[in-house]
Amino acid sequence: MASDTDQDDFSFGDMFEEPAGYLPPPPPSKLVEYERPSTLDPPTIKINLLGTHPLWGHHLWNASKVFASYIDSNPLIVRNKSVLELGAAGALPSMIARAQGARRVVVTDYPDADLLQNIQTTIDLNFPLSPFISVAGHLWGHDIQTILELNDNEKYDVLVLCDLVFNHSEHAALLRSVCGLLEKNGRAFVVFTHHRPWLVEQDLKFLERARDEGLECERILEEYTGAMFDDDPGDERVRGTVHGFVLSYPS
């Protein structure tokens, strides 16, 4: 039997390190322009997207585009209100909320430097030097104090959750953040697509959990956009339909 000393000396060194240039560089980021009705100011929102990211932050999801349009059609849901977006990725709804006069917008995503810097780039493209919109990392279900401090230690009037419920293992953590950050008279908008049609029931368990926590749940929209990914398996009609709900505490 080898001694502890023998085991300490047993090293592979650099054997499994990839040589320089072995992996291709990641795709560059890209700029996407979201067109709003021409009567609105600004008529175009610029979204910077990473070339790729393991947390899917490199896509502008259909749910975000549908909810952005919903805000533009119903601007009073954000005007003069504090707005927090969770798992923002491209952060389009946050940009629209600020454009529609939200008093304070805080854009959050997983505390990954690339994700957060990319969101900051999008903020700078649309609202340079604005003190009313900011970005922060937030791990669902964990410390919320930093997020509250960005809103003068107050909970938020509006929460935005776009295309997050597919992450079934994180439902409980996500809901802890919702309950900890939503003002008692506030509303949390949950907008999503069933990207895996065979897991519809698991997606909807997030809403069941919310009801169990005392939140009321009301459908606000259903819109067919076409599927995000043509080659994915499952019913295309299911994969191409965006659903929207609003969560609130009983009055």
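1. A89 first. This alanine counts as buried at 10% relative accessibility, where buried means under 20% relative accessible area, exposed over 50% and partly exposed in between, with a 1.4 Å probe and protein chains only. A89 sits in the loop between β3 and α3, and its phi is near 55 degrees, a positive value in a residue other than glycine. A91 is found in the loop between β3 and α3 too. A91 has a positive phi of about 65 degrees although it is not a glycine, and it is buried with a relative accessible area of 1%.

2. A word on what you're looking at. This is a predicted model, in which local features need pLDDT of at least 70 and side-chain atom pairs count only at pLDDT 80 or more, while totals for chains, interfaces and linings use all residues. Residues are numbered from 1 along each chain as its sequence is written, and side-chain values use heavy atoms, with hydrogens and water left out.

3. Now the overall picture. The protein chain has 8 helices and 9 strands; these are DSSP runs numbered from the N terminus, helices being H or I with at least four residues and strands E with at least two. Of its 251 residues, 46% count as buried. Take contacts (heavy atoms within 4.5 Å) with a separation of 6 or more: residues 24 or more positions apart account for 67% of them. The accessible surface comes to about 13,300 Å², and 50% of that belongs to carbon and sulfur atoms; these areas come from the Shrake-Rupley method with a 1.4 Å probe, and for residues only the protein chains shown count as cover.

4. Salt bridges: how many does a search of the whole structure find? The search gives 3, a salt bridge being a side-chain nitrogen of Lys or Arg within 4 Å of a carboxyl oxygen of Asp or Glu. One of them joins the side chains of D72 and R36 at 2.6 Å, N to O. That pair links distant parts of the chain, with D72 in helix α2 (residues 62–73) and R36 in the loop between β1 (30–35) and β2, 36 residues apart. D72 is buried at a relative accessible area of 12%, and R36 is buried at 6%.

5. R103 and D157 make another salt bridge, at 3.6 Å, N to O. R103 lies in the loop between α3 (92–99) and β4 (104–109) and D157 in strand β6, so the pair ties together parts that are 54 residues apart in sequence. R103 is partly exposed at 40%, and D157 is partly exposed at 22%. Then there's E222 with R219, the closest N and O atoms being 3.1 Å apart. Here E222 counts as exposed at 53% relative accessibility, while R219 is partly exposed at 41%.

6. R239 deserves a look. It lies in helix α8 (residues 236–239). R239 is buried yet has no salt bridge, and the nearest side chain of opposite charge, D232, is 4.9 Å away; for charge, Lys and Arg count as positive and Asp and Glu as negative, with His and the chain ends not counted. What lies 3.1 Å from a polar atom of the R239 side chain? The backbone oxygen of G234 does. Not counting residues up to four places away in sequence, R239 touches a list of residues including H194, H195, P197, F229 and D232.

7. T44 lies in strand β2 (residues 44–49) and is buried, with a relative accessible area of 19%. The side chains of T44 and E35 are joined by a polar contact of 2.9 Å. A polar contact is a pair of N or O atoms within 3.5 Å; within protein, one must be able to donate a hydrogen and the other to accept it, and residues adjacent in sequence count only if both atoms are side-chain atoms. Leaving out residues up to four places away in sequence, T44 touches E33, Y34, E35 and N126.

8. Helix α6 (residues 171–181) is mostly covered: 9 of its 11 residues are buried, among them L174, L175, V178 and L181. Its buried residues pack against β3 (82–86), α5 (145–149), β6 (156–162), β7 (182–193) and α7 (200–212). C179 is buried at 19% relative accessibility, and C162 is buried at 5%. The disulfide count is 0, taking a disulfide as a pair of cysteine sulfur atoms within 2.5 Å.
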